[in-house]
Amino acid sequence: MANKSKSKNKRPTARTNTKKAATGTWKVEKEEKVQLKALAKDERTWKIAGTTFLLVAVFLIISFVSYFFTWKQDFTQISRGSAILWDFDVSVNNLLGKLGALAAHFFIYKLFGVAAVLICTFFFVVGVNLMWRRRVFSVWRNLKYVTLGMLAGSAILAYLLPNEEFRYGGGVGNMIVHWLVASLGQIGAGAVLGLIVIAYFIWQFNPVFSFPGKLKRVNGAPPPEPVTAGAGDEPEVKEPEAVEKIAPVQEGAKLIIDVDVEKPKYDIKLVNKEPEVHAKEEEEGYERITVLKPGIKKPDPVIEKADAAAAQELNIPAAEKTGSVKQEEDLKLEINSDPIAPVQPAVADEKKKPYEPALNLRNYKKPTTDLLETHGSEKVVQDPNELENNKNQIIQTLRNYDIEIQKISATVGPTVTLYEIVPAAGVRISKIKNLEDDIALSLSALGIRIIAPIPGRGTIGIEVPNARKTIVSMKTLLASEEFTKSSHSLPIALGKRIDNKNFIVDLATMPHLLMAGATGQGKSVGINAILVSLLYSKHPSQLKFVLVDPKKVELSVYSQIVNHFLARLPNEEDAIITDTKKVINTLNALCIEMDNRYDLLKDAGCRNIKEYNAKFAARKLNPERGHMFMPFIVLVVDEFADLIMTAGKEVEMPIARLAQLARAVGIHLIIATQRPSVNIITGIIKANFPARIAFKVSSKIDSRTILDAGGADQLIGKGDMLISLNGEISRLQCAFVDTPEVDKVVDFIAYQEGYPEPFLLPEYIDEKDLEAAGDFDPDDRDSLFEDAARLIVANQIGSTSLLQRRMKLGYNRAGRLMDQLEQAGIVGPNQGSKAREVLIKTEAELQQHLDMLG
Ligand SMILES: Nc1ncnc2c1ncn2[C@@H]1O[C@H](COP(=O)(O)OP(=O)(O)OP(=O)(O)O)[C@@H](O)[C@H]1O
């Protein structure tokens, strides 16, 4: 539905015309409305609005600064108010004239004093966001800081500088101080303002206060802590009375409530997990750097040393090599035009060090976790009263249906609590399953899901949403040891399970992922979580993304890292594909890349990308024969429904082909859709995507389409999700990474040196295009004819796939080239599966032959 209206909005004129045919005056109003809407959506309107806000920010800052110097001279005039604007006899000294003087006087003198300068940042932030049409800064956060800063700043200045000629605290500051002094006295007012300053510093910097005496005790035995702590080695058992009303539970804690069914009474056990080990600042092999400005890096002795060592390996004088992109490019071009082809000479010399793809961007630093934020408290909180009430209601509801239970226990997760029930002997499981809606009704909660039975546990699970939910920050997951020490090829941190365990999986083994969810339920955040995980774990030489974004805005931020992590078609400007036609070409190009990679694997005698890359790194494969280090390629399609609706089979077929075959050659697909209906997620797509994620969907049917099971319609949104992996469905809270965090990560990468150009996919030329354009005459020589002839003669192998691989061509074009080479007498006729005979033996001979052909 949402999408329908979106696409309608995109075509205001079409919509207007239809209405026109229908009615009279009403139609005109409608038309105006539509035009206004189109105007409001026009990029230029946004830019004009952005520029206006930025100019207001500049206007205010100049008038404020000027006011500090000129207020005294202008005071009498400004005090007359706006009347002076129309009095041409009046002149003022403020740099921005009467309006500047009046604005500054209003904000500084009448309102917030010196602290009023903060208001300029608000106009700046809004202006920048409008100008770039995305959330570069958080307006809400800025507004909070500006308001609090102006109130607190004006009061503090008014308190500290009370009798000055200049009103440092402005009218508002004076008023607050006046009221504080009248209520609390001079000292009390000072204490309150001092407290505000101290509270600000504590909040901002969270200093550590430690007492030497206590430290000694910590070294010996940890002091007992309340329920929260997770400090004790032993699990604590507490009577309910002893538990605080809201008991924060440490990550990984399991809350077990044992129920005596006759006399409702329970024990709460908290089983705390080992404390979380925080991220290492330095990841293996990569030093941490501080990024100053684009292109400017702090000189780092370690990096320089590494450069020297690497240069030595390349047999290039260190001085020439250090930091010289140009040199690196030249050298690369000499060996192979591929941007990630080996810079290091890959001669089959067994004594040489293994080839390291990362050395081509040896100064590259992976992003650090301090770029990310912790959202809210990481502690899972659960109210014992809530637990008790839910438990009683579950027991009562089941009893109403004559179902008795032996035991009930609860596991508190970030968003939901899992109540596990052991039913009394003889109770049929299906009976409980059928009561799903009744239990949900009696607990008056959305998002109840019943798992009957929980696989492998012999219990029945009832998931009930928590009244207070915890956000799972991406930062925590990426800093966890499971992630930093993971041995996965493509680790992705998706979120936390119901038992608070981190859920980190390997995309390479999934091997493709289908994601669905109604609009606004967390799909975009989920895609960002996956992309950010991969950016945190991989070097640009190891991974390339192909990003398809028909909505045009969701993935655009990643365009900044085009020369680091993106792949695109040759001769394409944009690395992020938004146009359906280009999507089809890209998907077909990926199919060619897959076929080429299979040829290389076959030639190398390897079964998969891992073996192949290991062999290449051991310098057992010759780049001269087209071998190269293969990066993983991850294709992300945000909004698959749009594509299927517009291009149908043309999109479905290459996706299905890639999904069936591409795993072994390191190509993985992530396909997301808002509308998981059967005409979009067809049988053929579904059959090839064993791993599927569902955020909240709007109907049970949608849930069945995506997961082959109900439940996704019962989720509560905001990243609450079900993942079906190897036939097993788990409920997760998706990791949250906000857009400004993604911006920071992308900026961190973008400011570093990248490859000279993006990773190029093979060229794909649509047969239909060629025919339609009528620009291919078999008698006309292809523009690449001579290059192809040279390649074939140099290698003395008459193989079409050699042309495909080395010249990055599609099968059809390479085939035509081969036919033309045959016509020209350079290669012999087709010999089935064997390569054609090459009739010309040397380059000199070829040159003569070509000259003869003219
Ligand atoms: N994992 C999460 N944790 C907490 N809040 C979340 C999470 N995921 C999403 N949200 C909240 O839900 C909002 C919508 O999420 P998101 O933009 O990912 O939805 P969407 O499904 O991609 O929507 P659309 O399809 O319209 O783009 C976010 O702005 C955020 O406030």
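## Model and numbering

The structure is a predicted model, in which local features need pLDDT of at least 70 and side-chain atom pairs count only at pLDDT 80 or more, while totals for chains, interfaces and linings use all residues. Residues are numbered from 1 along each chain as its sequence is written. Helices (H or I, at least four residues) and strands (E, at least two) are DSSP runs, numbered from the N terminus.

## The four-stranded sheet

Four strands, in the order β8-β9-β11-β10, make up an open sheet with antiparallel pairing, where two strands pair if DSSP finds at least two bridges between them. Because β8 (405-412) and β10 (449-451) stand at the edges with a single partner strand each, one side of each is left without a neighbour in the sheet. On average, and with direction ignored, neighbouring strands of this sheet are turned by 20° against each other; such angles are taken between axes, which are lines fitted to C-alpha atoms (for helices over the stretch in contact), and run from 0 to 180 degrees between N-to-C directions.

β8 and β9 form a hairpin with three residues between them, and V412 has T417 in β9 as its bridge partner. T417 is also the bridge partner of V464 in β11, within a set of six bridges that join β9 to β11 in an antiparallel arrangement. Seven of the eight residues of β9 are buried, a residue being buried if 20 or more other C-beta atoms, placed from the backbone, lie within 10 Å of its own. Helix α13 (residues 384-400) lies across β8, β9 (416-423) and β11, and runs at about 145° to β8.

## The ten-stranded sheet

An open sheet of 10 strands has the order β13-β12-β22-β21-β20-β14-β19-β18-β15-β17, and its pairing is mixed. The edge strands, each pairing on one side only, are β13 (502-506) and β17 (576-577). Within this sheet, strand β18 (residues 632-638) runs parallel to strand β19 (residues 667-673) and is joined to it by six bridges, with V634 standing opposite H668 in β19. Helix α22 (residues 640-647) packs on the sheet and touches β18 and β19, its direction making about 90° with that of β19.

## The annotated segment

In an unreviewed entry, UniProt lists G517, A518, T519, G520, Q521, G522, K523 and S524 under "binding site"; the positions are given in the numbering used here, feature names are shortened, and annotations may be inferred rather than shown by experiment. A518 lies in the loop between β14 (513-516) and α18 (523-537), and counts as buried because it has 23 C-beta neighbours inside 10 Å. Not counting residues up to four places away in sequence, A518 touches Q674, K696, V697 and S698, contact meaning that the C-beta atoms of two residues, placed from the backbone, lie within 7 Å.

K523, by contrast in its setting, lies in helix α18. K523 is buried, with 26 other C-beta atoms within 10 Å, and touches M515, G517, A672 and F695 when residues up to four places away in sequence are not counted.

The 15 residues of helix α6 (residues 118-132) should span 21 Å at 1.5 Å a residue, and the end C-alpha atoms are 22 Å apart, which agrees; the expected span is 1.5 Å times one less than the number of residues. Buried residues of α6 include I119, C120, F122, F123, V125 and V126, and what covers the buried residues of this helix includes α4 (43-78), α5 (97-112) and α7 (139-160). Just after α6, R133 takes a positive phi of about 55°.

The axes of α6 and α7 come within 9 Å and cross at roughly 175°, and the two helices are therefore roughly antiparallel to each other, a term used for angles over 145 degrees. Across this pair, L118, I119, T121, F122, V125, V126 and N129 in α6 meet V139, N142, L143, V146, G149 and M150 in α7.

Helix α20 (residues 580-604) has 25 residues and reaches 36 Å from its first C-alpha to its last, close to the 36 Å expected at 1.5 Å a residue. G605, which follows α20, has a positive phi near 70°.

Note on methods: Buried ≥ 20, exposed ≤ 12 C-beta atoms within 10 Å, placed from the backbone. Parallel < 35°, antiparallel > 145°, perpendicular 65-115°, else oblique.
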